[in-house]
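Welcome! Please take a moment to look over the sequence and the structure shown here before reading on.

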Amino acid sequence: MPPEPDVKQPLLEVKGLVKHFHVGGGILGSPGGTVRAIDGIDFTIRRGETLGLVGESGCGKTTTGRCILRLEQPTGGRIVFEGRDITALGEVELRSVRRRMQVIFQDPYSSLNPRMSIGEILAEPLQVHGIVKDKAKRADRVRELLEQVGLLPRHAERYPHQLSGGQRQRVGIARALAMEPSLIICDEPVSALDVSIQAQIINLLEDLQARYHLTYLFIAHDLSVVRHISDRVAVMYLGKMVELADRQALYENPLHPYTRALLSAVPIPDPRMEARRERMVLRGEVPSPLNPPTGCVFHPRCPVAVGRCSAEIPPLREIKPGHWAACHLA
Amino acid sequence: MVLDCPPLMPTLLEVQELKTTFTTAAGLVRAVDGVSWEVNEGETVALVGESGCGKSVSALSIMRLVAPPTGRIESGRILYKGRDLLALTEPEMQRVRGREIAMVFQEPMTSLNPVLTIGRQLTEGLEIHMHMDPPAARVRAIELLGMVGIPDPERRLAQYPHQFSGGMRQRMMIAMALACNPSLILADEPTTALDVTIQAQILELMQSLSRKLGVAMLIITHNLGVVARYADRVNVMYAGRIIERASAEELYANPRHPYTLGLLRSVPRLDEPRRARLDPIEGQPPDLTRLPQGCSFTPRCAFKVRRCDEQAPELAAAGPGGHVSACWESTRLTKQDAA
């Protein structure tokens with residue numbers, strides 16, 4: 001076990017984060033409404049750890065990442081990064097913050113400029129941010145970055161379409177590394193890749209973390225991958241955080257019924273195991289964030305809900321040391 | 001080549017030495033390069049492999065939906081109930097599509113017509129293929145929506161696809177596939193676009209309907225986990241060829257091809273202790289325009305011997321119950337080796 005990171009000095013603190021989107025009010029005179037994408041969440045990320053953020057589509061996990069990056073302006077709450085409140089920083093001040101905070105996207109193809117060679121893609125941020133001013137030195141740095149992510153110097157001459165999906169994701173990682181960030185937000189970094197390549201990229205992310213003391217927010221829907229890479233895991237449902245715990249506690253002793261349902265839905269590649277396994281198939285579907293249910297947002301699908309669940313919003317409580325859950329029955 | 005045990009049920013679909021190619025700017029792509037497999041009546045068979053392995057093109061070839069002029073079925077036979085689909089005229093083939101063999105696609109939104117109501121999309125097929133009059137088709141449409149677990153089907157008939165959630169749209173696709181009582185459903189990544197809790201619902205639904213109605217299913221997927229629970233037999237494809245085939249139980253317990261072994265080893269599993277490090281399959285997926293002379297997996301294989309570069313191995317017996325593997329070293333392979 002690695003030593004416990006200093007909890008007193010988290011790298012990132014998210015306090016009461018809220019993000020609402022206004023939709024509708026269209027030409028047909030529909031009244032419009034408010035999508036409660038994130039509805040008041042709190043968490044911290046410690047230096048050097050990987051916090052996994054899981055949930056189904058529309059739960060708000062990607063929006064959370066985008067708010068931290070300030071690609072979305074939060075509706076409410078605070079984001080404190082490296083001790084500095086960045087919630088209301090202007091564009092110019094944000095530039096220095098963004099060097100320290102990088103992102104890796106799901107689809108490397110749509111996040112790389114098709115008209116630029118890999119070398120140009122990697123050199124551009126070095127130049128724009130004035131990190132390496134000398135042109136020859138920039139070429140050296142590009143070569144070094146390629147090597148760090150397991151690519152060859154000759155890949156600098158190639159264009160994105162000439163690379164495979166796994167190689168393109170390596171370029172995406174190299175571009176994030178170029179800024180020498182402390183925090184990297186990984187938004188579904190392997191879900192678009194073939195299974196045989198996913199493991200390569202996960203191993204690479206882990207190697208880089210150890211080498212450069214990186215901190216990751218790892219946003220994903222694949223619970224097996226999240227268990228592998230994360231130190232702690234947060235589970236979101238319909239804009240709320242429903243559970244947050246150390247990896248082992250969350251997977252071995254999940255306290256929220258939604259977490260239990262998610263875990264039981266993960267298929268296991270072994271027919272004998274699958275035949276013995278009890279599966280908790282949730283009824284119904286995720287309700288609309290335009291009109292979330294009253295009380296606990298999970299209660300309409302919850303197999304153990306009681307009367308209180310539809311009336312009262314359960315707060316995120318620390319049930320055991322370091323293990324938080326938002327459930328009246330936990 | 002008779003390697004499989006005699007099937008318990010009669011053979012419904014038999015693909016023999018199918019070859020499908022695409023002409024691209026980079027050269028000729030042998031998307032499906034001489035594959036043979038079959039589906040027995042009422043059985044669920046899986047076709048597993050990664051992007052570009054030829055699994056979807058296999059399904060499109062069966063439906064004769066490979067788009068000319070770039071795409072071409074070069075050779076082979078596709079025997080459905082003893083008739084070669086490749087020899088049928090287009091009008092004859094149209095009677096097979098939907099009525100005998102139906103398809104369920106990955107992304108229901110792109111395969112549903114956005115400007116037609118759910119009801120119309122269901123009744124259209126019933127009127128054309130089953131010669132039903134509109135009132136009878138409507139009754140059947142309501143029955144179908146109920147069967148796939150769509151609540152309040154009468155009201156839902158008047159709605160449009162965009163008013164359905166992803167899971168509901170996939171249920172709708174399954175209802176459309178079942179509409180004309182087909183004998184076989186080809187499901188191409190039917191749950192890949194769905195959330196994990198909805199995936200479980202859809203797969204349970206497909207399994208129960210296939211058992212209840214005796215429909216055979218071909219599930220095409222990249223996820224070995226998905227098929228473990230639902231497939232009777234599994235075909236693993238790599239670079240246009242089937243490289244291993246076995247009953248699901250045998251394949252997972254006793255993989256006999258380095259690629260299958262690699263796929264099973266490379267994914268983290270919730271039922272196993274967390275490993276310090278994952279074991280990826282090294283290297284890149286194959287370039288289909290430039291396949292090596294020998295076995296296509298050789299450049300990434302941890303078990304390769306000299307012969308692998310020279311000669312591509314054919315499928316050969318590797319275990320009980322018709323387990324076959326296309327690997328020179330299949331007998332040397334055990335699950336412990338790779339661990």
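## Chain B as a whole

Before we start, keep in mind that this is a predicted model. Chain B contains 13 helices and twelve strands. Its C-alpha atoms occupy a box of roughly 65 × 50 × 45 Å along the principal axes.

How does that fit with the length of the chain? A compact globule of 339 residues would have a radius of gyration near 20 Å, and because chain B has 21 Å, the two agree. Of the 339 residues in chain B, 46% count as buried. If you look at contacts in chain B between residues at least 6 apart in sequence, 64% of them join residues at least 24 apart.

Now follow the pairing of β1 and β2 in chain B. Strand β1(B) covers residues 11-24, and eleven bridges join it to β2(B), the two running antiparallel. To find your place in this pair, look for B:Leu13, which stands opposite B:Val39 in β2(B).

## Where the two chains meet

The contact between the chains draws 38 residues from chain B and 35 residues from chain A. On the chain B side, α8 (196-213), α9 (224-230), α10 (248-253) and α11 (258-266) each supply at least two residues. Which helix gives the largest share of that side? It is α8(B), with seven residues.

What kinds of residues does chain B bring to the contact with chain A? There are 17 nonpolar, eleven polar and ten charged residues on that side.

## The nonpolar core

The largest nonpolar core has 187 residues. Those with the most contacts inside this core are A:Leu217 and A:Phe218, together with B:Ala175, B:Leu184, B:Leu218 and B:Val227. Helix α7 of chain B, residues 166-178, provides the largest share of the core, eight residues.

Leaving aside residues up to four places away in sequence, A:Phe218 touches A:Thr50, A:Leu51, A:Gly52, A:Leu53, A:Cys186, A:Val226, A:Ile229 and A:Ser230.

Note on methods
Residues numbered from 1 in each chain as written. Chains lettered and ligands numbered in written order. Predicted model: local features only at pLDDT ≥ 70, side-chain atom pairs only at ≥ 80, totals over all residues. Helix = DSSP H or I, 4+ residues; strand = E, 2+ residues; numbered from the N terminus. Rg over C-alpha atoms; globule rule 2.2 N^0.38 Å. Buried ≥ 20, exposed ≤ 12 C-beta atoms within 10 Å, placed from the backbone. Contact = placed C-beta atoms within 7 Å. Pairing = 2+ DSSP bridges. Nonpolar A, V, L, I, M, F, W, Y, C, P; charged D, E, K, R; others polar. Core = buried A, V, L, I, M, F, W, Y, C linked by C-beta atoms within 7 Å.
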